[in-house]
Amino acid sequence: MTEEQQQIRDLAREFAEGELKPHAEEWDREAHFPREVVQKLGELGFLGMLLPEQYEGLGMDTATYLIALEEIARGDASVAVAMSVHNSLPTQMILAHGTDAQKERWLMPMARGEWLGAFSLSEPDAGSDAARMAAQARRVDGGWVLNGAKAWVTNGGFGDVVVAMARTDTPDDRRGAKGIGAFIIPTGAEGYIVGKKEDKMGQRASETVGIAFRDLFVADDQVLGDPSLGFIYALQGLDGGRMGIAAVATGIAQAALEHAVRYADERKQFGTPIRAFQGMQFKLANMAMRVEAARSLVMRAAAAKDAGKPEARLSSMAKLFASEAAMYVTTEAVQVFGGYGYVKEYPVERLFRDAKVTEIYEGTSEIQRTVIARELYR
Ligand SMILES: Cc1cc2nc3c(=O)[nH]c(=O)nc-3n(C[C@H](O)[C@H](O)[C@H](O)COP(=O)(O)OP(=O)(O)OC[C@H]3O[C@@H](n4cnc5c(N)ncnc54)[C@H](O)[C@@H]3O)c2cc1C
């Protein structure tokens, strides 16, 4: 790590230890997202880490951003996923494909953390196969009118700006993945309807909602780039997004490892700390190795992105490996805690639940394997 990266890591760690970790259990129990934390993240610059200084961002590289994100996830995975979605998807899509005017209008308040961003690709009947989405945009004078239902939108209710994908082709001329646009929509717009908030297994504090568009008018200056290429832009965004989820998974795994190491030292059975047993030592060693390997792969993917090299393969590998490592490490952490790992009194139970969704969102593990295999033949 460079000196600057160490400083950022320490800042994120201090914030996570002081402002997130002490409340994580309560936020999980209440399924409550601490909106005020977003403001604090913004003040620290953590919501504009990848945006150029010109748009009031910190202009940092991907590696530094992911180092900070892992630390935030170590404190609270729900806050980390909100930060990951905001930094990796809507802001990056606007930066990559927006006009100068769009960047000025949307990115500056997003970099300051005044507006929290969301990304809406999935629909109730179109998840892994998102190109089969049904939400429809109809061309009208000066813009588009959107109708349809979207699903699983992280930050979609209390967030401020969502980059949403909807069909721009017509029912009698379907163009598949090349008939979809990306639209910048303020969540306060008329016709933006927030539906059911999901009652989740883990990352319960993170807000996941269904949304509907009902005759929602989107002006031309809120369309990103070419209105037929929104799906391609979304997939490009997901290459970066998956690195973010990989960092979140690594943070969850790191937290579980630390709890397990401490507990194995404190807990005595047969007259000795349980860490004296080889059965426990092997577990802890396997856990520690997977955390390090996950982190290394995250940094490897970040290095490729920062060097401007193709990133899809490494990004999918990092997401796949880190999410499976998080599942492995949190499962073993519960085992190290024995019966105490199975109750809510100790944090490993929550970490175990928080880990699972990292294998699902931004592309399931099966889809990551499909991407990696496809890239092998490119
Ligand atoms: C908490 C949470 C937050 C989310 N946040 C967002 C968000 O902010 N924005 C957004 O757009 N979406 C979001 N999602 C949606 C998420 O990306 C989808 O759930 C995910 O892509 C899977 O889609 P699905 O749930 O429809 O499952 P399906 O696609 O129906 O998959 C079901 C099963 O079939 C498998 N499968 C499907 N296709 C294949 C294949 N070709 N080969 C092998 N196996 C396959 C899958 O891997 C899975 O095991 C979120 C989801 C959750 C749970």
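Biologist: Which domains does the domain assignment of the protein chain give?
Modeller: The model is predicted. The protein chain has eleven helices and nine strands. Its domain assignment gives domain 1 (3-115), domain 2 (118-228) and domain 3 (232-376).

Biologist: Which helix gives the most to the side of domain 1 that touches domain 2?
Modeller: The C-alpha centres of domain 1 and domain 2 lie 23 Å apart. Their contact takes 24 residues from domain 1 and 19 residues from domain 2. On the domain 1 side, at least two residues each come from helix H1 (3-30), helix H4 (77-88), helix H5 (90-97) and helix H6 (100-112). The one that gives the most, with six residues, is H4.

Biologist: How many nonpolar, polar and charged residues does that side of domain 1 have?
Modeller: The side in question is the part of domain 1 that touches domain 2, and 24 residues of domain 1 take part in the contact. By class, they are 15 nonpolar, six polar and three charged.

Biologist: Which domains each give at least three residues to the shell around the ligand?
Modeller: The ligand is surrounded by 21 residues, and the closest are Gly127, Ser128, Trp152, Thr364 and Glu366. Two or more shell residues come from each of strand S1 (117-120), strand S3 (143-154) and helix H11 (365-376). By class, the shell divides into nine nonpolar, nine polar and three charged residues. At least three of its residues come from each of domain 2 (118-228) and domain 3 (232-376).

Biologist: What radius of gyration does the protein chain have?
Modeller: Along the principal axes, the C-alpha atoms fill a box of roughly 80 × 45 × 40 Å. Of the 378 residues, 51% count as buried. A compact globule with 378 residues would have a radius of gyration near 21 Å, so the value for the protein chain agrees: 21 Å.

Terms used. Residues numbered from 1 in each chain as written. Predicted model: local features only at pLDDT ≥ 70, side-chain atom pairs only at ≥ 80, totals over all residues. Near = placed C-beta within 6 Å. Helix = DSSP H or I, 4+ residues; strand = E, 2+ residues; numbered from the N terminus. Nonpolar A, V, L, I, M, F, W, Y, C, P; charged D, E, K, R; others polar. Domains from an automatic or database assignment. Contact = placed C-beta atoms within 7 Å. Rg over C-alpha atoms; globule rule 2.2 N^0.38 Å. Buried ≥ 20, exposed ≤ 12 C-beta atoms within 10 Å, placed from the backbone.
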